[in-house]
Amino acid sequence: MPKVEDIVAQMRAHPKSVRFADLERVCRHFFGEARHSGGSHRVYKMPWAGDPRVNIQNSKGQALPYQVRQVLAAIDRLNQEEE
């Protein structure tokens, strides 16, 4: 099983070829359990004001590329706020 850091590196290199299960694992690692997990969607709450959520969707086992980029942006912001 690949490490979360390896999955994130793969997400940055190839956002169009990310498995939904891998994206879900990364989100759980950085943001905790999904606040909503109905059907093909998972919603994760962010620790900042404004748009306080990330929504990911399962599309035939794959993650949607724009959602991969949103997750990466949220991870980058989270890392910046921790510094």
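Reply: Residues 24 or more positions apart make up 45% of the contacts in the protein with a separation of 6 or more, a contact being heavy atoms within 4.5 Å. The model is predicted, so local features need pLDDT of at least 70 and side-chain atom pairs count only at pLDDT 80 or more, while totals for chains, interfaces and linings use all residues. Residues are numbered from 1 along each chain as its sequence is written, and side-chain values use heavy atoms, without hydrogens and water.

In sequence order the protein reads α-α-β-β-β-α, where helices (H or I, at least four residues) and strands (E, at least two) are DSSP runs numbered from the N terminus. The three strands make an open, antiparallel sheet in the order 1-2-3; strands pair if DSSP finds at least two bridges between them. Strand 1 (41-45) and strand 3 (62-63) are its edges, each pairing on one side only. Five bridges join strand 1 to strand 2 (residues 53-59) in the antiparallel sense, and Arg 42 stands opposite Ile 56 in strand 2.

Two helices lie across these strands. Helix 3 (residues 65-82) lies across strand 2 and strand 3, at about 150 degrees to strand 2. Angles run from 0 to 180 degrees between N-to-C directions, with axes fitted to C-alpha atoms, for helices over the stretch in contact.
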